[in-house]
Amino acid sequence: MTEPEPEPEPTPPPPPGPTSGPAPSNAALSPATPSFAPPSAALEPGQPIVLERVSRWYGNVVAVNDISFSLGSGITGLLGPNGAGKSTLLHMLAGLLRPSSGRVLIAGRPAWHEPSTYRRIGLVPEREAVHAFLTGREFVDLAARLQRLPDPAKATERAIATVDLESVADRAVGTYSKGMRQRVKIAAALVHEPPILLLDEPFNGMDPRQRLHMMDLLRSMAAAGRTILFSSHILEEVERLADGILVIYAGRLAAAGDYREIRRLMTDRPHTFRVRSSDDRRLASWFLAEPAVFGAELRDNRLAVQVSEFSGFTRIVARVARDAGVRLFEVAPTDDSLESVFEYLVTRR
Amino acid sequence: MSLADIMLTIGAVTGRSLLGRRRTILMVLLAGAPVLLGLLVRLGGSRPNALPSALDGLVVSSVLPLVALVFGTAALGSELDDGTAVHILTKPIPRWAIVVPKVAVAGGLTALLMVPSTILAGVLIGGLGGTQLALTIAFAIAVLFGSFVYVAIFVALSAATSRGLVIGLAYSLLWEGLLSGALKGTQLFSVREYIRGIASVLAPHGTVTSIVGGNGFVFAVVAIVVVTALASWRLASYEIRASE
């Protein structure tokens, strides 16, 4: 029971995005296919968030199973179906759960049993519970005081303004709507301007305008070098906001990195392109002669082309059109949305 | 912000949390029960001889543990159960700086209700005679100590288990109520016995008996310190309940 040590000097922001397992250092990362070598150690020990072979079990139930990754600055979305282990992972990162095995490091220090790491973390828990009798201002001020800030009142006003909550700051939190509660929790998490933000379903209950405001805020914080990890079950939110994703399924890390890059690495699943041209029928017949193309379909006056390799098709499409004497108006992949990637990663297991 | 300021802040929030309208009314009614009984006794005439057993049976053995149980488990256990504790636990402060103000505030509120209740009940039953008043004051001081010991134990139980209220009730009813009567050795671990010990030293000679005697003071202080330290240690290893 010692007083927490003084905060160490801040380190320069590391390169953005998540990295995982023993993948090459320049990799945007691969889906964790069976051929994916089992993670052994985190790649970048200097990153703000590092997990090394972390598992967590409750009796016979394994909630998180041998997960390794590191996160640098930027916004990372944590995805997974209900019960996949997202909250368990976030709780371990926040020092609220002890890993059964492995290490969770925040700014180089263990997250568990180390209150001083809370100087560097801002946590927005999923549960709505707040001290209902406090006003919004008092709630944020409490966080500022417990962070031992030199001027808690000033920091409180700044945080409340950041989440656009000034007009109701003197109302009891118990009278707040769900969206307001989310925002006051975010204000309390931001009050000490932490370099690492952990947010569990942060947009729950917010209206569309508040969501956009919060997304802008998180983007600007990420641009300033902060590391932001947020969980969400709304894929559109993650797609719009995140620089990279972590997909958890059944307690395992299914994939990490840029989801478009992950999609391109799914070589066992054909890619579909939508093509518009001056003569779709003629172009379809030319495409079918190409070995990389194994399907072309005209439906609702649109040409859908199925190919085995994403980049291979992008290299040949212009040549084929030229050889066929057809003008191309549009070539667009149709199934590299995050939803498609997520569905693939989850249903194939 | 010094650690003292931090503890004052946590203490203030704990106090506001504990003084919710319904809980406050319930606790005032509970603490008023000995006074009400004293009033009924008084209406039938002063009963000086009944004073030691009345204060022991009504205040020390019945109402005090219940009030302390409600405040002690609510101070930390309720926050851990409903998730509001996360907002305090995820701050760079040592865990003892969370536990100490919670014990102090919950113990203080228990004493604030139970000491006047003891004095009023004692005066109503025993009157303002020299010996009877001294006995009443002795019990009031003992109850002051007992409030903090009980609360420290119940706060520690809340930190250790989500069933702090049930276990606390079992401690008070079974351990102190039944086992302490049957097995004298268990009285060394009975707050009720520490309170009797303190009262026996302060009260006029021979009016209160206790097997721990003057050691009640020592046992009470040691219990507060040890149990608060255990609660802090347990809270340092607190794990949130999985929501998935």
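## A four-stranded sheet in chain A

In chain A, four strands form an open sheet in the order S13-S14-S12-S15, with antiparallel pairing. Strands S13 (293–299) and S15 (328–333) of chain A sit at the edges with a single partner strand each, so one side of each has no neighbour in the sheet. From one strand to the next, the twist averages 20°. Keep in mind as you look around that this is a predicted model.

Let's zoom in on one pairing. Strand S12 (residues 271–277) of chain A runs antiparallel to strand S14 (residues 302–307) of chain A, and 5 bridges join the pair. Which residue of S14(A) is the bridge partner of His271(A)? That is Val307(A).

## Helices across the sheet

Helix H8 (residues 280–288) of chain A lies across S12, S13 and S14 of chain A, at about 165° to S13(A). Helix H9 (residues 310–324) of chain A lies across S12, S14 and S15 of chain A, and its angle to S12(A) is about 20°.

## Chain A as a whole

Chain A contains 10 helices and 15 strands. Of its 349 residues, 46% count as buried. Among contacts in chain A with a separation of 6 or more, 70% link residues 24 or more positions apart.

For the complex, the predictor gives an ipTM of 0.88 and a pTM of 0.80. Chain B has a mean pLDDT of 90, with 98% of its residues at 70 or more.

At the interface, 36 residues of chain A are in contact with 27 residues of chain B. On the chain B side, helices H1 (3–18), H4 (86–89) and H9 (215–236) of chain B each supply at least two residues. H1(B) gives the most, with 6 residues. By class, this side of chain B has 13 nonpolar, 8 polar and 6 charged residues.

Definitions and conventions: Residues numbered from 1 in each chain as written. Chains lettered and ligands numbered in written order. Predicted model: local features only at pLDDT ≥ 70, side-chain atom pairs only at ≥ 80, totals over all residues. Buried ≥ 20, exposed ≤ 12 C-beta atoms within 10 Å, placed from the backbone. Contact = placed C-beta atoms within 7 Å. pLDDT = per-residue confidence, 0-100. Nonpolar A, V, L, I, M, F, W, Y, C, P; charged D, E, K, R; others polar. Pairing = 2+ DSSP bridges. Axes fitted to C-alpha atoms, helices over the stretch in contact; angles between N-to-C directions.
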